[in-house]
Amino acid sequence: FLPTLAAVAGKRPPKSWQIDGISFAPRLTGGEPSPRETAFFWYDPRPGWDKQKFDRHVFALDRNHKLFDDGRLYDVRGEGFRETEIDGELTGAELDARDRLRNFVNRMTQPPLSPAVANEVDAFGDPVED
């Protein structure tokens, strides 16, 4: 949302900020959508007293595949929220997708990202033991 809000305000975020977002401001004013090949997600519902049942997930996806930071690769082509885990030997296209998405996750989790995000915490902010 940051690139969109900045565009609406007529500003640009500093180049030193690590932003993977693309403004959708043109869409709000009847313009063409901004194309996006890959998206990065960091879902961490904790801490919070009611979040014990939720896990942290870091992943990237494109129009065909979704890769979690733990290496799980999914085929997401099709209708709705379809996700099929890809097990076994990967095809050339799947290997390419995995490598491209892995590189994207690695790029998005580089400094200046706070070192604190590497620590998973429970609902009370205490470190989770592996």
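Mentor: Let's start at Leu-90, which touches Leu-73, Leu-95 and Arg-98, leaving aside residues up to four places away in sequence; contact here means heavy atoms within 4.5 Å. Bear in mind that this is a predicted model, where local features need pLDDT of at least 70, side-chain atom pairs count only at pLDDT 80 or more, and totals for chains, interfaces and linings use all residues. Numbering runs from 1 along each chain as its sequence is written, and side-chain values use heavy atoms, with hydrogens and water left out.

Leu-90 and Leu-73 both belong to the largest nonpolar core, 11 residues in all. Such a core is a set of buried Ala, Val, Leu, Ile, Met, Phe, Trp, Tyr and Cys residues joined through side-chain atoms within 4.5 Å. Buried means under 20% relative accessible area, exposed over 50%, and partly exposed in between (1.4 Å probe, protein chains only). Strand E2 (57-61) and helix H3 (92-108) each bring at least two residues to this core, and H3 gives the most, with four. Those labels are DSSP runs numbered from the N terminus: helices (H or I) have at least four residues, strands (E) at least two.

H3 lies across E1, E2, E3 and E4, at about 50° to E3; angles run from 0 to 180 degrees between N-to-C directions of axes fitted to C-alpha atoms, for helices over the stretch in contact. These strands are part of an open, antiparallel sheet of five, ordered E1-E2-E3-E4-E5. E1 (39-43) and E5 (84-85) stand at the edges with a single partner strand each, so one side of each has no neighbour in the sheet. Strands pair if DSSP finds at least two bridges between them; E3 (65-68) and E4 (73-75) have three, in the antiparallel sense.

Phe-41, Phe-59, Phe-68 and Tyr-74 form one aromatic cluster. Within it, Phe-59 and Phe-68 make a tilted pair, 5.2 Å centre to centre with 50° between the planes. Rings of Phe, Tyr and Trp (its six-membered ring) pair with centres within 6.5 Å; planes under 30 degrees apart are stacked, over 60 edge-to-face, the rest tilted. Phe-59 and Phe-68 are both buried.
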